[in-house]
Amino acid sequence: MTRVAVSVEGRRLSLSNLDKVLYPETGFTKRDVIDYYRQVAPLMLPHVASRAATLRRFPDGVTGQWFYEKDVSRHAPDWLRTARLANSRDDGSGPNDYPVLDDLASLVWAANLAALELHVPQWTVTAEGERSTPDRLVFDLDPGAPATIVECCRVAESLREVLTADGLTPVPKTSGSKGMQLYCAVRAESPDDTSRYAKAVAQRLASERPKRVVATMTRSARTGKVFIDWSQNNPAKTTVAPYSLRAKGSRSNWLGRSRACRGWLG
């Protein structure tokens, strides 16, 4: 294994296997992945800082085996901020030491682990290492074939009307997969506030537009409709971070999709 010692904003890191191809379709290597995260860091860090991250790692590239990593206690460098939080699965396995990616060095560290996808919750970690109440509201729009991201954009417009009427400011984000997401900055008093609100909004739109929208998990009900997944607001769940790569055949698979819904905000 070839290793290269580097300094990133005063932090020492040992990078390995930089020429390993992680996206065979395009020849995108681990070196390219690290450089991508270096370049997007100024844009990405505000969306991941102070959040307990879950790493989706692909040590053999997007066509190989992968796994989620939440507990980095075995190999995290001393300088990496971590948050020891209870395991959301409640399976008796004890707490996890989640990585908190607050700076460029942390992003480079994660990229070197072939953590192509970075997932974060809708709440932050306090200075004392505790979970805050949610500060983001998210709606994950998933099209059921033959519906596409274009239909997701139409549903997003309907969501925008409801959210703005309630005094919120929604922001669209392509998911890098089939659908898209809407985010809103919020102030919640309890961990379940956003989940209850999102469920009520999703059910309302499903009732008002039954031919276009579904708010239930049942896959057979989604054909030709857009599923508004409100459950991503559960404090135990995460969503893929803005600017994160996705483990698809091509690193740039989202480009055509983002063009398809360009201009939906008018």
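Begin by selecting strand 5 (54–57) and strand 6 (67–69), which pair in the antiparallel sense over 3 bridges; helices (H or I, at least four residues) and strands (E, at least two) are DSSP runs, numbered from the N terminus, and two strands pair if DSSP finds at least two bridges between them. Within this pair, Arg57 stands opposite Phe67 in strand 6. This is a predicted model, in which local features need pLDDT of at least 70, side-chain atom pairs count only at pLDDT 80 or more, and totals for chains, interfaces and linings use all residues. Residues are numbered from 1 along each chain as its sequence is written, and side-chain values use heavy atoms, with hydrogens and water left out.

Now widen the selection to the sheet around this pair, an open one of 4 strands in the order 6-5-9-15 with antiparallel pairing. Its edge strands are strand 6 and strand 15 (239–240), each of which pairs on one side only.

Next, select helix 2 (residues 104–112), which lies across strand 5 and strand 9 and runs at about 125° to strand 9; axes are lines fitted to C-alpha atoms, for helices over the stretch in contact, and angles run from 0 to 180 degrees between N-to-C directions. Why is helix 2 largely enclosed by the rest of the structure? The reason is that 9 of the 9 residues of helix 2 are buried, where buried means under 20% relative accessible area, exposed over 50%, and partly exposed in between (1.4 Å probe, protein chains only). Among the buried residues are Leu104, Trp109 and Asn112, and what covers them includes helix 1 (30–48), strand 8 (96–99) and strand 9 (115–120). Just after helix 2, look at Ala114, which takes a positive phi of about 60°.

Move on to strand 10 (136–143), where 8 of the 8 residues are buried. Both faces are covered, with Arg136, Val138, Asp140 and Asp142 on one side and Leu137, Phe139, Leu141 and Pro143 on the other. Strand 10 pairs with strand 12 in the antiparallel sense over 6 bridges, and there the bridge partner of Asp140 is Gln181. With strand 14, strand 10 pairs in the antiparallel sense over 4 bridges, and the partner of Pro143 is Val226.

Stay in strand 10 and select Asp142, which is buried with a relative accessible area of 19%. What joins the side chains of Asp142 and Arg222? They are joined by a polar contact of 3.2 Å, that is, a pair of N or O atoms within 3.5 Å, of which, within protein, one must be able to donate a hydrogen and the other to accept it, while residues adjacent in sequence count only if both atoms are side-chain atoms.

Now show the whole sheet here: 5 strands form an open sheet in the order 11-12-10-14-13, with mixed pairing. Its edge strands are strand 11 (171–174) and strand 13 (213–214), each pairing on one side only. Helix 3 (residues 149–165) packs on this sheet, its direction making about 150° with that of strand 10, and helix 4 (residues 193–208) also packs on the sheet, at about 35° to strand 10.

Finally, colour the chain by pLDDT, the predictor's confidence in each residue, from 0 to 100. The chain averages a pLDDT of 91, and 91% of the residues score at least 70. Over residues 251–266, however, the pLDDT is below 50. Where pLDDT is low, the predicted coordinates should not be read in detail.

How values were computed
Contact = heavy atoms within 4.5 Å.
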